[in-house]
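Please examine the sequence and structure before reading the solutions.

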Amino acid sequence: MATIVSTLFISLDGVAEIDPAWHFPYFDENMGAAVGADYENVDRLLLGRVTYDSFAGAWPDREAAGGDDAGFAKQIGDLSKLVATRGSADLGWRNVESTDDVVATVRALREDASVGKVLIAGSVSIVQQLLAEGLVDELSLLVHPVSAGKGTQLFPRTEEPLPLRLVRSAIFPTGVTHLVYAPADFPGPASYDDAVANVPVAEEG
């Protein structure tokens with residue numbers, strides 16, 4: 001059964017549509033290592049069409065240029081890539097196929113014994129759909145210490161809350177916090193009457 005992992009750069013106000021103005025100042029060796037760890041042992045890379053076009057418009061040229069990032073660019077190029085799109089145009093990169101029903105495809109991947117890890121890179125709308133369906137096993141968030149002020153937020157307004165369990169965390173020297181969550185249930189039903197015993201006691205005097 002495949003594990004579905006989402007990795008996202010995100011701001012304090014929940015924006016996961018990165019702006020270079022607030023993202024790159026915080027991208028240090030610690031963040032690079034965290035991203036590298038997310039890409040380890042990936043069997044399929046799942047991308048929304050907008051994110052895919054961004055990747056395909058940059059990484060092949062970086063691989064060909066042979067710079068410091070060429071190795072990582074080749075790693076992405078060599079990965080089996082699955083793009084969520086309703087379009088039929090040639091996707092123009094190696095090792096890539098498309099799906100027009102990402103939820104059904106991910107359900108099938110989760111039951112495929114030959115697939116160990118599926119990584120969703122960016123692709124906020126895809127992550128939102130899969131979170132709503134309970135199909136994300138691990139949510140890796142690199143939280144920047146900045147309020148973006150604009151952009152697409154990871155968690156949209158919904159009727160139902162989404163409880164999560166913190167699996168691990170790290171704080172980088174830049175102030176970026178790496179938070180990794182898994183799906184969870186609430187600790188149990190409770191009301192103010194249950195919480196009142198834990199309300200701070202005012203000091204007399």
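Tyr39 is buried, at 6% relative accessibility, where buried means under 20% relative accessible area, exposed over 50% and partly exposed in between (1.4 Å probe, protein chains only). The model is predicted: local features need pLDDT of at least 70, side-chain atom pairs count only at pLDDT 80 or more, and totals for chains, interfaces and linings use all residues. Residues are numbered from 1 along each chain as its sequence is written, and side-chain values use heavy atoms, with hydrogens and water left out.

**Exercise 1.** Determine which residues form one aromatic cluster.

Solution. 
- Step 1: rings of Phe, Tyr and Trp (its six-membered ring) pair if their centres lie within 6.5 Å; planes under 30 degrees apart count as stacked, over 60 as edge-to-face and the rest as tilted. The count comes to four aromatic pairs.
- Step 2: the ring centres of Tyr39 and Phe72 are 5.1 Å apart and the planes lie at 80 degrees, so this pair is edge-to-face.
- Step 3: Phe72 is partly exposed, at 24%. For Trp59 and Phe72 the centres are 5.3 Å apart and the planes again at 80 degrees, so this pair too is edge-to-face.
- Step 4: Tyr39, Trp59 and Phe72 therefore form one aromatic cluster.

**Exercise 2.** Identify the residue that lies over the face of Trp59.

Solution. 
- Step 1: a charge sits over a ring if NZ of Lys or CZ of Arg is within 6 Å of the ring centre and within 35 degrees of the ring normal.
- Step 2: Arg62 lies over the face of Trp59, at 4.8 Å from the ring centre.
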